[in-house]
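Try each task before you read its solution.

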Amino acid sequence: MIKEMVCVSCPIGCMLTVELNDQNEVLSVKGNTCKRGEQYAIDECTNPVRMLTSTVKVNGGKLPVVPVKTAKPIPKGKMFDCMQVINSTVVDAPVKMGDVLIQDICGTGIDIIATNEN
Amino acid sequence: MLKYDLVVIGGGPAGMAAALRARECGVQKIIILERAATLGGILEQCIHTGFGLHYFGEELSGPEYAYRFIEELKKTDIEVKVDTMVTDILSDNVVVATNNTDGILQIQATAIILAMGCRERPRGALDMPGSRAAGVMTAGTAQKYVNIDGYMPGKKIVILGSGDIGLIMARRMTLEGAKVEMVCELMPYSGGLTRNIVQCLDDLGIPLKLSCTVVKTHGLERLEGVTIANVDEYRRPIPGTEQYVECDTLLLSVGLIPENELTRMAGIEIDPITNGAIVDEYRQTSRPGIFACGNVLQVHDLVDYVTQESQIAGEGAAKYILSKKEANNADNTIRVKAESGVRYVVPQNINRSTDKDVKIYFRVADVYKDTSVVVTCGDEVIYKRKKRKLAPGEMENVAIKLDDIAKLSGNELTVKLEV
Ligand SMILES: Cc1cc2nc3c(=O)[nH]c(=O)nc-3n(C[C@H](O)[C@H](O)[C@H](O)COP(=O)(O)OP(=O)(O)OC[C@H]3O[C@@H](n4cnc5c(N)ncnc54)[C@H](O)[C@@H]3O)c2cc1C
Ligand code: SF4
């Protein structure tokens, strides 16, 4: 199978053509002008990950919500599952920068941490 | 009257970085005046990550980026007044501000740094017929509702303009359960970063319609839908291409305007292209002792560049305050001009007797492939470098060496593109 994608590792944005076999293994990457492009293509085809940012409700804080992020990028396919957990979570003030608000979200082994005070 | 060496107007990333650098350079009495309840500026609502890659070498969210500077400020004796709005700058660098506790304040400053940021182009700035139904707002307003106030302003959304804030909000609203029908972009290319197109639209299957605009809004009390149409090469709607799209919310992400009311009131010269002040290499405006940096000077896409620019302004203000430097001598000024393909340059002026290399920042007018950026002085080529890709969405820069500046034969530098 052939997949086309834009490399977003730098602003040049090379068009990449990736050749995959039936086991979804990368056979070749073309169109990249540097090594990062090849790595990007392999990651995107085998294990695409994204940072997820959102807000969590706060009881008794200065503001109704506090911004949060995943401590590390999570698998792209788990974003909506994680959003459900985040949206059903309420924490009590005070919240400090970097506080872990949800542990090991959706079995990813990754925590949700606060990115501001409240 | 209160007296300060330096008054910084605006406590966003620009104001904070400028104040901190001026302090490092030895300026004693510094105060930051901020109209909002907290420091941090617009970063407080930009909760996505992608800030600080250049400056800190990590990907921070907006509030995390701001927090680092707020913590630095706390370690200094720089004074901060929040909930304080600056209303005027009088002659002799007197700043007029107002708040609930002090009433009206007059502050005598030796130097002033303008760091008021920018605001989004509102609906009024667009020529869009239709009722004035609720549900039409800027993407930044929606960003504040969702990320600070914690509620969703709509369920079925159309976004006009593919600037980064619009793209970021397309993803944010989708993750929160809204249906983002499409992003319409007037130009044949997006003004946003490719990374945002991929991760905010493609990832979530949101269509990006290029050369397309909203020609009418429908609904009386609440928005019920919009009519979109394709546009021709002159950006005029093409009759017969109209299409009705049902939605309850229209987000506008159609550009930012530097917030320069104070700058104009102070009689400072404004560049008609950037809509910001005309400045020299230390970001000093046409009024001696008044400096400008950040989005109030030119619209930035990367906060890292805002920080860098503001540190230059902080250093410039420190030099001015500590040496009581004379105003720039016009004979000594090299004018920097933008030509063929280059839309604008900052700084617009350089002092021949400057004491450092000067980076000239610019934006191009269109998408260009395999072109050279060339800087000339008369017939002499000072700088030439090939670029694989240039786009209006990415701010570029060229560095001119101190030695080259001193040696220049003329009084004008031109930055242009050559195929
Ligand atoms: C809605 C919006 C969303 C954005 N999203 C992104 C993004 O996602 N990613 C990104 O990289 N960049 C984004 N930007 C660009 C971002 O603004 C800059 O990166 C950076 O925040 C600019 O810093 P600044 O300090 O120049 O301006 P700001 O952060 O806007 O700070 C200016 C400050 O000055 C204060 N002020 C203004 N006038 C007065 C006055 N008269 N008296 C007292 N105080 C005053 C304001 O209250 C504000 O706090 C966004 C901009 C906007 C408008
Ligand atoms: S392949 Fe290399 S040069 Fe091309 S976009 Fe990716 S990182 Fe940039």
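Buried area is the accessible area, taken with a 1.4 Å probe, that two parts lose on being put together, summed over both. Keep in mind that this model is predicted.

**Exercise 1.** Describe the extent of the interface between chain A and chain B.

*Solution.* Start with the area: about 2,400 Å² is buried between chain A and chain B, and carbon and sulfur atoms give 59% of this. Next, turn to residues: 27 from chain A are in contact with 27 from chain B.

**Exercise 2.** Find out how many salt bridges and polar contacts link chain A and chain B, and which parts of chain A face chain B.

*Solution.* First, the rule gives three salt bridges across the interface. One pairs the side chains of A:Arg50 and B:Asp203, at 2.5 Å from N to O. Then count the residue pairs in polar contact between the chains: there are nine. On the side of chain A that touches chain B, strand S5 (53-59), strand S6 (65-70) and helix H2 (79-87) each supply at least two residues. H2(A) gives the most, with four residues. Sorted by class, this side of chain A has 16 nonpolar, seven polar and four charged residues.

**Exercise 3.** Locate the largest nonpolar core and the residues in it that touch the most other members.

*Solution.* The core has 39 residues, and A:Leu52, A:Val66 and A:Leu101 touch the most other members. Helix H4 (residues 164-175) of chain B brings the largest share, six residues. A separate second core, of 37 residues, includes B:Val8, B:Met16, B:Cys46 and B:Ile113.

Technical notes:
Residues are numbered from 1 along each chain as its sequence is written. Chains are lettered from A and ligands numbered from 1 in the order in which they are written. This is a predicted model: local features need pLDDT of at least 70, side-chain atom pairs count only at pLDDT 80 or more; totals for chains, interfaces and linings use all residues. Side-chain values use heavy atoms; hydrogens and water are left out. Contact means heavy atoms within 4.5 Å. A salt bridge is a side-chain nitrogen of Lys or Arg within 4 Å of a carboxyl oxygen of Asp or Glu. A polar contact is a pair of N or O atoms within 3.5 Å; within protein, one must be able to donate a hydrogen and the other to accept it, and residues adjacent in sequence count only if both atoms are side-chain atoms. Ala, Val, Leu, Ile, Met, Phe, Trp, Tyr, Cys and Pro count as nonpolar, Asp, Glu, Lys and Arg as charged, and the others, Gly among them, as polar. A nonpolar core is a set of buried Ala, Val, Leu, Ile, Met, Phe, Trp, Tyr and Cys residues joined through side-chain atoms within 4.5 Å. Buried means under 20% relative accessible area, exposed over 50%, partly exposed in between (1.4 Å probe, protein chains only).
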